[in-house]
Amino acid sequence: PSRHTAGDGKYRLNNRFGQGACGEVWRARLVSASSKRGTRTSRLHQEQQHERKQEQHQDEMYILKRIFVERGERVRLSGLREIFFGLRLQGQSHVARFVEYFEIVRAAPSPRTDDMAGSTENMRKPRVSEPQRELWLVFRDEGSSLHSYLYTLLSNLFVQPSPFWQRMRTGGPQGVEVLREVMFQVLRGLSQVHATNATHRDIKPSNIIVQVLNGRPVLKLAD
């Protein structure tokens, strides 16, 4: 796949909007659904199915997270752990919806001429480059982080309380109601996680996703 697609071209990457120590996060659009292996259909039928699936999913957005497996085994295991709990927590109303995961194996880059130069001993023992592996996790796009609602970015280093934060804190009974609703849904999400004998360990505004539906905020835990 090109650098603008992922998952055998199934997802088209739109923009990268986050990065941490273990991975980077992209918004993406579903381009096509993978066909089932071993199914033989006519080309026309395949094209008709493809068109119907594109129409059905054209407005569906996804979050793709690339795990920095090149940074070592600890990071790779963190991705596998997120996959495990993503599958385990599927169907929970206040947890971000995990969809699937996939790996991309890229051919190792060819050695440069200056790398091959050297002593006769080095030439007898050519350097073997390992294929480059990428691990991607796919989630449904549930909205924006609570952090983006609470803070306004001033620069790469500084933020300030947002107008939403100001209204919530100084808006009287209505602001208190919004704050109560936020806390209730966060605690409900934690309750759903704890019911599976799991612990989140990293609750913070950037890991709480907010989507406003019919004028009401809906919160889900992520990461």
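Does Asn-197 count as buried or exposed, and at what relative accessibility? The model you are looking at is a predicted one. In it, Asn-197 has a relative accessibility of 69%, so this residue counts as exposed, given that exposed means over 50%. You will find Asn-197 in the loop between helix H7 (172-194) and strand S10 (208-213). Its backbone deserves a glance too: Asn-197 is not a glycine, and yet its phi is positive, at about 65 degrees.

The loop between H7 and S10 also holds Arg-201. Here again is a residue that is not a glycine but has a positive phi, this time of about 80 degrees. Arg-201 is exposed, with a relative accessible area of 69%.

What is the relative accessible area of Gln-185? The value is 2%, so Gln-185 is buried, since buried means under 20%. Setting aside the neighbours within four places in sequence, the contacts of Gln-185 are His-94, Arg-216, Pro-217, Val-218 and Leu-219.

With those residues in mind, let us take in the whole chain. The protein chain has 223 residues, and 32% of them count as buried. Its secondary structure comes to seven helices and eleven strands. The chain exposes about 15,400 Å², and carbon and sulfur atoms supply 50% of that area. If you look at contacts between residues at least 6 apart in sequence, 62% of them join residues at least 24 apart.

Next, follow the strands. Six of them form an open sheet in the order S1-S2-S3-S4-S6-S5, and their pairing is antiparallel.

Strand S3 (residues 23-30) and strand S4 (residues 61-67) run antiparallel and are joined by seven bridges. Across this pairing, Trp-26 stands opposite Leu-64 in S4, while Arg-29 stands opposite Met-61 in S4. S4 also pairs with S6, again in the antiparallel sense, over six bridges. There, Leu-64 stands opposite Val-138 in S6.

How many of the residues of S4 are buried? Seven of its seven residues are, and S4 is mostly covered. Met-61, Ile-63, Lys-65 and Ile-67 point one way from the strand. Tyr-62, Leu-64 and Arg-66 point the other way. Both groups are buried, including the residues Lys-65 and Arg-66.

A pair of aromatic rings is described by the distance of the centres and the angle of the planes. A search of the whole structure finds six aromatic pairs. In one of them, the rings of Tyr-11 and Phe-102 have their centres 6.3 Å apart and their planes at 10 degrees, so the pair is stacked; planes under 30 degrees apart count this way. This pair links distant parts of the chain, with Tyr-11 in strand S2 (residues 11-19) and Phe-102 in strand S5 (residues 98-106), 91 residues apart. Both Tyr-11 and Phe-102 are buried. They also belong to a cluster in which ring pairs link Tyr-11, Tyr-62, Phe-102 and Trp-136.

The rings of Phe-84 and Phe-85 are arranged in another way. Their centres are 5.1 Å apart and their planes stand at 85 degrees, so the pair is edge-to-face, as angles over 60 degrees count. Phe-84 is partly exposed, with a relative accessible area of 48%, and Phe-85 counts as partly exposed at 25% relative accessibility.

Notes
Residues are numbered from 1 along each chain as its sequence is written. This is a predicted model: local features need pLDDT of at least 70, side-chain atom pairs count only at pLDDT 80 or more; totals for chains, interfaces and linings use all residues. Side-chain values use heavy atoms; hydrogens and water are left out. Rings of Phe, Tyr and Trp (its six-membered ring) pair if their centres lie within 6.5 Å; planes under 30 degrees apart count as stacked, over 60 as edge-to-face and the rest as tilted. Helices (H or I, at least four residues) and strands (E, at least two) are DSSP runs, numbered from the N terminus. Buried means under 20% relative accessible area, exposed over 50%, partly exposed in between (1.4 Å probe, protein chains only). Contact means heavy atoms within 4.5 Å. Accessible areas come from the Shrake-Rupley method with a 1.4 Å probe; for residues, only the protein chains shown count as cover. Two strands pair if DSSP finds at least two bridges between them.
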